[in-house]
Amino acid sequence: MKKRFTVYDFIRHLILISFAAVILFPFLWMICASFKEEQDVFVENFHLFPSSWKFENYVDAWNAAPFGAFFINSMKAAAISVVCQTTFCSMAAYAFAKLQFPFKKTLFSLMLAMLILPEEAAIISNYLLAQKLNLVNTSFGVAMMQLVNVFNIFLMRQIFMTVPDDLIQSASLDGCGSIQVFWHIILPNAKSSIATVALLSFLNSWNNYMWPYMVTDENRFRTLQIGLRYLIRPDLGPQWPMIMAASTMILIPVMMLFVFLQKYFVEGMLTSGIK
């Protein structure tokens with residue numbers, strides 16, 4: 001029997017649509033502004049859509065700086081971050097969720113306490129470390145601040161805790177060691193959390209600005225986020241249509257990845273709080 005659409009459902013949908021409109025409006029404005037003339041971006045009589053569509057803004061923005069090299073550098077850093085975080089965070093989460101070792105709860109509490117420390121607090125010491133390791137102006141140096149993430153460890157631990165201990169004990173009785181249990185039982189039952197960590201790590205690396213700016217001083221190693229500053233000219237100031245066009249191009253890979261992993265991302269965020 002088909003469920004009847006009630007007044008409560010109408011009000012709920014109206015509220016959700018209103019929130020969605022508020023969230024999506026800045027993105028819509030950015031896309032529309034990327035097709036406008038410079039003088040039409042900020043005007044007293046607000047109008048969302050451009051009076052004349054200027055598609056050349058995308059070409060001008062792309063040619064204003066070596067965005068091709070910036071794109072490759074951002075993809076390299078994001079790929080390193082995704083591989084390292086999905087590997088290291090899942091291993092650490094497995095240890096905290098299922099293995100027994102001394103001071104386990106204390107170490108986990110100390111790890112969670114690191115969440116209150118801002119990234120900027122350690123950025124000078126990390127830069128000195130990168131300098132000592134000769135990682136300045138390298139793709140790995142750009143990604144080194146995104147190799148492990150405490151929140152992702154916590155997220156994956158919550159998922160791993162939902163795996164029944166009886167299943168792990170049965171595998172142990174069959175001769176499986178900790179690594180085999182991790183590979184054949186834990187990971188197959190945590191696809192949603194792995195996809196969530198992959199998406200979050202890609203997003204954090206893709207949007208990172210301060211660390212790549214500090215650890216690189218040559219254009220051939222810099223990333224897309226740094227490339228946006230090349231659209232602010234000393235003589236003319238910010239070129240807003242070009243900035244909006246470049247921002248739209250930078251946003252496309254993130255949106256494509258989110259659409260591809262949306263199902264797993266939502267599932268991972270919902271199931272992370274079961275235990």
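This is a short chat about the structure shown above.

Q: What kind of model is this, and how are residues numbered?
A: It is a predicted model, where local features need pLDDT of at least 70, side-chain atom pairs count only at pLDDT 80 or more, and totals for chains, interfaces and linings use all residues. Residues are numbered from 1 along each chain as its sequence is written, and side-chain values use heavy atoms, with hydrogens and water left out.

Q: How many helices and strands are in the chain?
A: The chain has 13 helices and 2 strands. These are DSSP runs numbered from the N terminus: helices are H or I with at least four residues, strands are E with at least two.

Q: What box do the C-alpha atoms fill?
A: Roughly 70 × 70 × 30 Å, taken along the principal axes.

Q: How many of the 275 residues count as buried?
A: 41% of them. Buried means under 20% relative accessible area, exposed means over 50%, and partly exposed is in between (1.4 Å probe, protein chains only).

Q: Now H9. Which residues are buried there?
A: H9 covers residues 178-186, and Val181, Phe182, Ile185 and Ile186 are buried in it. They span an arc of only 110 degrees around the axis, which puts them on the same side of H9. That arc is taken from the directions from the helix axis to the C-beta atoms.

Q: And what is exposed on the other side of H9?
A: Ile179, Trp183 and His184.

Q: What do the buried residues of H9 pack against?
A: Helix H3 (67-98), helix H7 (150-160) and helix H8 (165-173). Contact here means heavy atoms within 4.5 Å.

Q: Is H7 mostly covered or mostly exposed?
A: Mostly covered, with 9 of its 11 residues buried. Among them are Ile153, Met156, Arg157 and Phe160.

Q: What happens at the start of H7?
A: Asn149 has a side-chain oxygen within 3.0 Å of the backbone nitrogen of Phe151.

Q: Switching topic. Where does Asn137 lie?
A: In the loop between helix H5 (123-132) and helix H6 (139-143). Asn137 is buried, at 12% relative accessible area.

Q: Which side chain does Asn137 make a polar contact with?
A: The side chain of Asp217, at 2.6 Å. A polar contact is a pair of N or O atoms within 3.5 Å; within protein, one must be able to donate a hydrogen and the other to accept it, and residues adjacent in sequence count only if both atoms are side-chain atoms.

Q: What else does Asn137 touch?
A: Leaving out residues up to four places away in sequence, its contacts include Val215, Thr216, Glu218 and Phe221.

Q: How many salt bridges does the structure hold?
A: It holds 3. A salt bridge is a side-chain nitrogen of Lys or Arg within 4 Å of a carboxyl oxygen of Asp or Glu.

Q: What about Arg12 and Asp9?
A: Their side chains form a salt bridge, 3.5 Å from N to O. The two are 3 residues apart in helix H1 (residues 7-33), so about one helical turn separates them. Arg12 is partly exposed at 37% relative accessibility, whereas Asp9 is buried at 6%.

Q: And which residue does Lys54 pair with?
A: Glu37, with the closest N and O atoms 3.7 Å apart. Both lie in the loop between H1 and helix H2 (56-63), so the pair ties together parts 17 residues apart in sequence. Lys54 is partly exposed at 24%, and Glu37 is partly exposed at 25%.

Q: Arg220 and Glu218?
A: They meet in a salt bridge at 2.8 Å, N to O. Arg220 is exposed at 55%, while Glu218 is partly exposed at 30%.
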